[in-house]
Each structure stands twice: as structure tokens, then as C-alpha cells.
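Reader: Could you take me closely through one part of this model, the sheet and what packs on it, and then say briefly what else is described? Please give the cut-offs as you go.

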Amino acid sequence: MFGKILIANRGEIALRIIRACKEMNIATVSVYSQIDKESLHVKLADEAICIGTALPKDSYLNIENIISAAVGVGADAIHPGFGFLAENAKFARICEECHIAFIGPDAKMIENMGDKARARELMIKAKVPVVPGSKGAISTIDEAKVIAKKIGYPVILKASAGGGGRGMRIVDKEDELEQLFLTASHEAQLAFGDGSMYMEKYIRNPRHIEFQILGDSFGNIIHLGERDCSMQRRHQKVIEESPSPHISDDVRAAMGEAAVRAAQSVNYKNAGTVEFILDADNSFYFIEMNTRIQVEHPVTEMVTGIDLIKEQIRIAYGEKLCYTQDDINLVGAAIECRINAENPSLNFRPCAGTITALHFPGGRGVRVESNMYSGYTIPPTYDSMIAKIITFGKDRAEALSIMKRALSETVIEGIDNNIEFQLDLLHTKAFEEGCFNTSYIEQNLDEILEV
């Protein structure tokens, strides 16, 4: 097994990887920016190296500094976590050239699946259902108009290299297309360094269902069931759960088979996620594959009993999966709430600052992932997510009741946060009955805030 792993990330995911490594008796190295000097991932790793100033481009996105740190400490492997360089093919390729294992798929796989237009082409060849749209990237606005007319409005423009809702625009009619295309392309160029776009038929009010995939170097690929990520705001996930309260066993089986087929078609290795949207008629369509561990991976771990980070490490080391599809059984139900430093009443304005008091929930069925502690200062430089609270129960009703209790006993003082907003969501009739879609928060925000 690897002797030492460098974690090229920060916050709760860096802590999550450190803990898995410690349980596997693997030494850990944290990298950190100057503003993260007092972060827990720095304190809990066996070694820690400062790699730059606060701006991500100078630290967590600085490939040269990270590789230099790995070489300097003699790390056998690098785990990128999620975000930052996790889906950067150049970074994965440089790791390989430096004889450092990249804990994730290889560079070519990241390129193929990271380019959303290219991924769409590959799924069409593999006969995985995709939303009607362009076969690949769109070269001109005139081409976009032809495709939109063919598939019918509304359509959605997406950045080929995109994610997180950036470079994405919904177009309801032709006279909006040119301006929105240019705006989305410009946004994508700034965010990803790639302004190319592709187009899909816009399916209103879908469910967002994703399947966790594991693949090894011996051609074995399995899925670990689904996560329902339909509770979103501006294309950002807010609450995730497994299993989905909405889909039937037949739909679950069909989606799982399609997810495995998608991964098999590209000979996928390591952990990944095949994402689908599900329309009102329970027809499902591939939208993208994420070639990394996901923020919401704990809910899958809770219902399968499988440690996904450890599996990533074993696969990267060259070990064979010790599970077959028949071994995977979802037991009980799990829910995850993302806790953000933001003010929902002020249009979810982010809030940096110092934690003056902190109490996390405990008790049966509660798991907390966070790098916060009392006295810790949340920097303004990075994503506003500061914790994840995950609950597990024998069924969805129990997991939900535990989550309500857990959020109610959580105390975070000194900064704004969205705990009350999460509680309001959990108490809505829609969530309690599992009857919601990706547009629910936007369509009902005023009512939710008044609960």
C-alpha cells in the first residue's frame, strides 16, 4: 500500500481523506494556503506544507507548487478531493509523469468526461439515454439556432467544460438565443478557460438522480445505488439522500444498469458519478459524469457500509474490487444537509468571520463532516460550505426525524448560516412526502423563508 499520500485540497474533504488514511496506516501530507494556516486539515495531518497565498490560483490550483511539495516529502500518491484540481487532466498527467499516483481516473478519462459535449457523444455511442440536443460542441450562433429549432424551445445552453451551474442559460425563445449564448460562453471562458457550449432540450422541473460508480483496473465496474439530489438552489445541491424517495425499483434497476453501461463504455477506473435527470414520466437521461468523489458521498457510505475514500485509494494502488454488483444492498436511508456560511434572508449572501461558539449534534445515526472549531476564522476566499450533517435511519422517516433533531441542536455563532433554512425545508410538506424537483426552492422560496 502507499506509504504517504498528499492531499491536494482543504476543508472537510481534506479531513475526510486524512481520517481514511490514518485508519489504513498511511502517512498524510496536507498542503495549505497562508490564510488556511490554522485549519484543521493542517493540524491533523502528519506533515503540512504551505503552497501559496490565499487566492486559489496561487495555492490550491498551483500545480507546480503542489507537485514540488509531493516530490519534496516523498509522497507516493496525491488525492485531489473534489473541486480545485480534482478534474484537471493536466494535473493528473503531470502526476503520472512524476511517478506519483493520482487517486482518481487517468488524464484521458478526465478529458473525455470533463468535456460535457464529448461525454454526450460517447454516451450516444454507448446507447445510454441522453437529452435531445447537439451531438457535441456548437461552433456558431447560427448552428445553435438550427439545433434549437429542431429540438424545440425551451433549450438549455451548457458549458462544455462546465459545472456548478456556471456557463449555463435557459433559452425560452429564439430572439433570446444570441445574447444568452454569448453571455454563457463568456462566463464559461472566465470560469473554465473554455468558452465552448453545447445545447440540450430543457426539461422543466426534473428530478436529479445520480449513481455512484466504482471501477478497477481489471475491468470490474459496479454501482452503489443512487442519490437523489433534487433539492437544489441555482443548480447547487442543498440536500441529498439515498435511496431516492421517488423512483420505483424498476426505474432504479434500469438507471443502475445504464450507469454501469456508461462507465463500461469508457473503461472507467476509480470512483465516479453518473448523473441523470428524471422527467415527469419517469424517463431518465444522462447529463454528465463526474470523475471524482462527490460532496454527497457520505449518504452512499451510510446505506452501503462501504468507505468510498478507502476504495479510491485501493483502486489507485492497483487492487481489485472486492465487491460484485450482487454484494451491493442498500440498507436503511441517509440524508445529508449542506451547512453554508450564508444568509438566506439576504439572498444567501456569503458570510466570512470567526466562530465564537460551536456545538455539533451527536447521538445515534448522526455523522458530521466539518473543519470548523470554536475560534476558527472562516476565510472569504473559498466556497461557503462549512459543514455537512448526515443522518441515518432504518427508513426515510427515521432518518428525517433524526436530521430535524440534529439540526435543532447544532449551534454555530459568530457567522450567518443556513441551518434554520435547512430546517424550514425539512418541515415542508413537499420534502416530508418526497415530492419535489430541482426547481422547488426557487418556486417556493418566499413561502419557505416564512415557515
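Author: In this predicted model, numbered from 1 along each chain as its sequence is written, local features need pLDDT of at least 70, side-chain atom pairs count only at pLDDT 80 or more, and totals for chains, interfaces and linings use all residues. Side-chain values use heavy atoms, without hydrogens and water.

Glutamate 241 stands opposite isoleucine 335, which belongs to strand S14. The strands concerned, S11 (residues 236-242) and S14 (residues 333-340), pair in the antiparallel sense over four bridges, where pairing needs at least two DSSP bridges; strands are DSSP runs (E, at least two residues), as are helices (H or I, at least four), numbered from the N terminus.

Both strands sit within an open sheet of eight strands, whose order is S13-S12-S9-S10-S11-S14-S21-S19 and whose pairing is antiparallel. At its edges are strand S13 (284-290) and strand S19 (366-370), each of which pairs on one side only, and from one strand to the next the twist averages 25 degrees.

Helix H1 (residues 11-23) packs on this sheet, where H1 touches S19 and strand S21 (385-393), and the direction of H1 makes about 115 degrees with that of S19; contact means heavy atoms within 4.5 Å, and angles run from 0 to 180 degrees between N-to-C directions of axes fitted to C-alpha atoms, for helices over the stretch in contact. Helix H9 (residues 249-265), in turn, lies across strand S9 (207-215), strand S10 (221-233), strand S12 (270-278) and S13, and H9 runs at about 50 degrees to S9.

As for the other elements, helix H7 (residues 141-151) packs with helix H8 (residues 174-192) at an angle of about 135 degrees, the two axes being 10 Å apart. On the H7 side of this contact are Ile141, Ala144, Lys145 and Ala148, which meet Glu174, Leu177, Glu178, Phe181 and Leu182 in H8.

Glutamate 64, in helix H3 (residues 63-73), is exposed, with a relative accessible area of 61%. From isoleucine 51, glutamate 64 is 13 residues away in sequence and 9.4 Å in space, C-alpha to C-alpha.

How values were computed
Buried < 20%, exposed > 50% of the residue type's maximum accessible area, 1.4 Å probe, protein only.
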